Amino acid sequence: MAQITFYKHDPIPLEMHKVKTVQQLRLLPTRERLKKMYEAGFNTFQLHNGDIFMDMLTDSGVNAMSDVAQSAMLRADDAYAGSETYYRMENKLRELFGMQYCLPAHQGRAAENILATRFVTPGKVVIMNYHFTTAKAHITRLGGRVEELVKYEGLEPKSDLPFKGDIDLERLEKCIQDETPENVAFVRLESGTNLIGGQPMSYANIKAATEICKKYGIITVLDASLLQDNLYFIKIREEGMKDKSTREITRMIADCFDIIYFSARKFGFARGGGILIRDKAMHDSMEDLVPMFEGFMTYGGMSVKEMEAMTVGFDESMDMDVISQGPQFVDYCVRALDEYGIPVITPGGGLGAHLDASQFVGHIPQTQYPAGALVCALYICGSIRGMERGTLSEERNADGSERMASMELVRLAFPRRVFTLSQTEYVIDRVKWVYDHREMIGGLKFIHEPKTLRFFTGILEPVSDWPEKLAEAYIADFGEEQ
Ligand code: F0G
């Protein structure tokens, strides 16, 4: 896919797969969508999927599975203990990452719970390039703190920096010295850094950062949930890497870390998770947490069918024809939006296109959740479900004041191998319409605000009747039915 050149046509991303099974979609009329938005409390997590045309909330657990992965599910070995399926999965992970020990977990955040429970005590700090919501929630739940040291340029919305997920090496070393190494629970590097726009880390940065950690005897942890996107970017963007295979690059990255964990809802094209550990004593110190929180050691809360599928998915994640599909669709979408002058994070990363709501709807104060409002506007006008990744996704400070996010993003995820290029064109078209009517969008306020991970279950309402006015303007342009 990355290699196809066209004879007459301008280059477009080209799918190296065909569709064999489809799911019917429906497009509710605009006024019904407006009603559904109120019923969902202006929170796109609360919408019913049947009421959505383009579900771009996430790539988590909704990537398309191949015929090979689906057929592998048939040979799953049902057993509470000692399932052959588990051993096949474990061996595949050993082969790819070269780490001897594996702990299963039912999804990524369950792995985060185990790691935080094992290593975080009150007052300890976890240093990261950037946090992920669930990783941070487990650390703070246990009285720990998070320090984010992504390079300052990584937070600039517009850039041509190839590796915006890189950690600032100088600040990393200084932070370790200031905190003292004993107080650092571990350093966590996130591949394909989710919350700053699915932005990759370079191998050179990973290597240098983990070497600093080793010098101070600090445990290094890789969140490999978005590794497949990161592998693609290392191969095409990093000097000296294009002749290395994705398997070689995976091994070079893995060799830098003591622990690797992942959500197989992303890495593996299925649903599950796991932790890989280099050292036996370290593995033994965590293993009792698996039967306590997850399930027996050979399933860890996962269905054996999913484990068979993800074992195939791990191999597919090493295939450039497979892993280039997501980033290339994102790139296509980001370029088109950028050409329209729409504020979007550049360069395109993996995972999804990210609108910069702080610019898009800059007139909405951060305390009224600009990204949250924009994501609702996109559902009302287009039946596109994105995800708020800004202040609404943060938790309040201890004194109850809002913690303002450093970026106000709306993520339009591209689940892998799911959408077509014409659907992508539709999204670009509707985002452009919303951009041209952006002044009409107003803010949101909470009417039910949970303390932790409030973005999942919080209920909000608009600060004025802006949704009604926006819907009427949309109907005036497109008619009642769409
Ligand atoms: N780490 C990263 C980088 C993630 O993106 C996610 C999930 C997790 C850990 C947690 O994994 O969902 O299996 O428990 N990201 C999803 C998303 C929720 O929509 O971006 P999980």
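This is a predicted model: local features need pLDDT of at least 70, side-chain atom pairs count only at pLDDT 80 or more; totals for chains, interfaces and linings use all residues.
**Helix H4 with helix H10**

- On the H4 side the contact is formed by Ile114, Leu115, Arg118 and Phe119, while on the H10 side Met282, Ser285 and Met286 take part.
- Sorted by class, the residues of this contact between H4 and H10 comprise five that are nonpolar, one that is polar and one that is charged.

**Helix H6 with helix H7**

- Helix H6, made of residues 169-179, packs against helix H7, made of residues 203-215, at an angle of about 15 degrees and with 10 Å between the axes.
- H6 is therefore roughly parallel to H7, since angles under 35 degrees are counted in that way.
- The crossing in which H6 passes H7 is right-handed.
- H6 contributes Leu169, Leu172, Glu173 and Ile176 to the contact, and H7 contributes Asn205, Ala208, Ala209, Ile212 and Lys215.
- In the contact of H6 with H7, six residues are nonpolar, one is polar and two are charged.

**Helix H8 with helix H9**

- The axes of helix H8, which spans residues 227-237, and helix H9, which spans residues 246-254, come within 10 Å of each other and cross at roughly 110 degrees.
- This angle makes H8 roughly perpendicular to H9.
- The residues that meet here are Leu227, Leu231, Ile234 and Lys235 from H8, together with Thr246, Ile249, Thr250 and Ile253 from H9.
- Five nonpolar, two polar and one charged residues make up the contact of H8 with H9.

**Around the ligand**

- There are 17 residues around the ligand, and those that come nearest are Thr58, Arg109, Asp223, Ser263 and Arg411.
- Ser263, one of these nearest residues, has a polar side-chain atom that lies 2.6 Å from an oxygen atom of the ligand.
- In the side chain of Gln107, an N or O atom is found 2.8 Å from an oxygen atom of the ligand.
- Lys266 likewise places a polar side-chain atom 2.9 Å from an oxygen atom of the ligand.

**Two places in the backbone**

- The peptide bond that leads from Thr346 to Pro347 is cis, and its omega is near -5 degrees.
- Pro347 is located in the loop that runs between helix H14 (325-339) and strand E9 (352-356).
- Phe269 is a residue other than glycine with a positive phi, the value being near 55 degrees.
- The loop that holds Phe269 is the one between strand E7 (259-263) and strand E8 (273-277).

Terms used:
Residues are numbered from 1 along each chain as its sequence is written. Side-chain values use heavy atoms; hydrogens and water are left out. Axes are lines fitted to C-alpha atoms, for helices over the stretch in contact, and angles run from 0 to 180 degrees between N-to-C directions. Helices (H or I, at least four residues) and strands (E, at least two) are DSSP runs, numbered from the N terminus. Angles under 35 degrees count as roughly parallel, over 145 as roughly antiparallel, 65 to 115 as roughly perpendicular and the rest as oblique. A crossing is left-handed if the near helix is turned anticlockwise from the far one by less than a right angle, and right-handed if clockwise. Contact means heavy atoms within 4.5 Å. Ala, Val, Leu, Ile, Met, Phe, Trp, Tyr, Cys and Pro count as nonpolar, Asp, Glu, Lys and Arg as charged, and the others, Gly among them, as polar. A residue is near a molecule or strand if one of its heavy atoms lies within 4 Å of it. A polar contact is a pair of N or O atoms within 3.5 Å; within protein, one must be able to donate a hydrogen and the other to accept it, and residues adjacent in sequence count only if both atoms are side-chain atoms.
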